[in-house]
Amino acid sequence: MISRRISDVVVLGSPHCKGTLRVREFLTRNGHPHTMLDLDRDAGVQELLDRFHVTAADIPVVITCSEVVLRNPTNQQIADALGFNDAIDQTQVRDLVIVGAGPAGLAAAVYGASEGLDVLVVESTAPGGQAGSSSRIENYLGFPTGIGGLELASRATSQAQKFGAQLMIGTGANRLACGRTPYALEIGDGHRLPARAVIIASGAEYRRLQIDNLSRFEGAGVYYAATFMEAQLCTGEEVVVVGAGNSAGQAAVFLAQTARRVHMVIRSAGLADTMSRYLIRRIEDHPAIVRHPHTEIVSLEGNGHLERMRWRDNQSGQVETHGIRHVFTMTGAVPSTHWLEGCVALDDKGFIKTGPDLLPEDLAAARWPLARPPHLLETSRPGVFAIGDVRAGSLKRVASAVGEGSIAIAAVHQVLHE
Ligand SMILES: Cc1cc2nc3c(=O)[nH]c(=O)nc-3n(C[C@H](O)[C@H](O)[C@H](O)COP(=O)(O)OP(=O)(O)OC[C@H]3O[C@@H](n4cnc5c(N)ncnc54)[C@H](O)[C@@H]3O)c2cc1C
């Protein structure tokens, strides 16, 4: 239906409007076919606007086959209108509620449901998480020619549903009521989902450049990792590394082995405050690495793939254009843990501490009530687990997130029998 453009949903909008992109991404990543009508280019748009009493100021507008008209809707409003979550009983006490349907959450759903647990996954946008935004994952076991992130996500979702796991899409967890058991997860519309065990797989978000059309180039010139694979893509070319921390330093040194030139775009005055001394020395000594302090990228351009960018020297205000096709954003990741409000112990960067990483003082502060120590992926709250990128010390890879999803289920069984 998607490839033949057979759909029961019309999106009225503009490709230059951020809201339109968000709505289309939500529908696409949830595998829901839709027809896009471009306000500026498509014939018959005015007739539709008049018929449904909407104006250009209302875009993006979503019209469903039952003629429900949504003006600049939230993801949850779209999910409700299209009945994504109609089959879910929100009052039932589940064995396991999982927050986040990235690789970690989906793996936990597959293993949990296949081993007989009653599993509900709550996902604020669409299954796949960060991996879903990757055009091709080349290092995941079993896919020698790589697999698209969307395809991996849709296969994993089908697999979880085949075993009976349910997915609630378009609504995020706002709070974990962890004062007593069963725990309850408060979701976007104020409902509480009771659970005997909880797995937090809400991941992390890489800090992104504040540039409007960034998502068009993610995976097509904009990268969040500098591994052998990315290095191959830009051998002999000029590249940009954004950031001033150790990850940016390591990326610059690594890429300089194969790239013609590595430009380090640094917003601050230099590297001294944020990078290890040994890396700074290597960068200073390397003839192919050029540092640009007080500098920021201000625009990205290209047709399909990134072709050029502009950066600004914030001291002089001068903007330069460079025909560089690759930019590595190494400005760190922010864990999605703001909604936990002190329920579980976090490290100083906000990632969740688990198992042996929990110090006696963490457990004392959380009033850990059991004689046994926390299981491997268990947080400072019994029966609440954290897996994947959101967990302190995790590897930030698809395979490790999936592995942690399966390991956590073994401990969930033990907790449910306690
Ligand atoms: C562009 C890109 C390319 C990558 N390429 C590779 C690669 O080739 N190989 C590799 O091994 N790794 C790659 N990675 C890293 C890999 O994608 C991550 O390590 C992996 O996705 C982590 O999985 P996760 O399930 O822990 O978290 P995430 O993938 O971050 O998923 C978390 C999910 O939780 C949801 N969520 C967050 N908060 C809430 C909430 N409050 N309520 C409900 N839902 C919530 C999010 O919407 C998201 O769907 C890439 C990452 C990016 C960004």
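Biologist: In what order do the 3 strands of the open sheet stand?
Modeller: This is a predicted model: local features need pLDDT of at least 70, side-chain atom pairs count only at pLDDT 80 or more, and totals for chains, interfaces and linings use all residues. Residues are numbered from 1 along each chain as its sequence is written, and side-chain values use heavy atoms, with hydrogens and water left out. Strands are DSSP runs (E, at least two residues), as are helices (H or I, at least four), all numbered from the N terminus, and two strands pair if DSSP finds at least two bridges between them. The pairing in this open sheet is antiparallel, and the order is S16-S17-S18.

Biologist: Which strands stand at the edges of that sheet?
Modeller: An edge strand here has a single partner strand, so one side of it is left without a neighbour in the sheet. That holds for S16 (295-301) and S18 (319-322).

Biologist: How many residues of S9 are buried?
Modeller: Buried means under 20% relative accessible area, with a 1.4 Å probe and protein chains only. Tyr183, Leu185 and Ile187 point one way from S9, and Ala184 and Glu186 the other way. Both sets are buried. The count for S9 (residues 183-187) is 5 of 5.

Biologist: Which residue of S9 is the bridge partner of Ala173?
Modeller: S8 (residues 173-177) and S9 run antiparallel, with 4 bridges between them. A hairpin through 5 residues joins the two. The S9 partner of Ala173 is Ile187.

Biologist: Which residue in the turn between S9 and S10 has a positive phi?
Modeller: S9 also pairs with S10 (residues 192-200), antiparallel over 4 bridges. Glu186 has Arg192 as its bridge partner. The two strands form a hairpin with 4 residues between them, and the positive phi, about 90°, belongs to Gly190.

Biologist: Are H4 and H6 roughly parallel or roughly antiparallel?
Modeller: Axes are lines fitted to C-alpha atoms over the stretch in contact, and angles run from 0 to 180 degrees between N-to-C directions. H4 (residues 103-114) and H6 (residues 149-162) pack at about 25°, with axes 8 Å apart. Angles under 35 degrees count as roughly parallel, over 145 as roughly antiparallel. The angle therefore makes H4 and H6 roughly parallel.

Biologist: Which residues of H6 meet H4?
Modeller: Contact means heavy atoms within 4.5 Å. H4 brings Leu106, Ala109, Val110 and Ala113. From H6 come Ala153, Ala156, Thr157, Gln159 and Ala160.

Note on methods
Buried means under 20% relative accessible area, exposed over 50%, partly exposed in between (1.4 Å probe, protein chains only). Angles under 35 degrees count as roughly parallel, over 145 as roughly antiparallel, 65 to 115 as roughly perpendicular and the rest as oblique.
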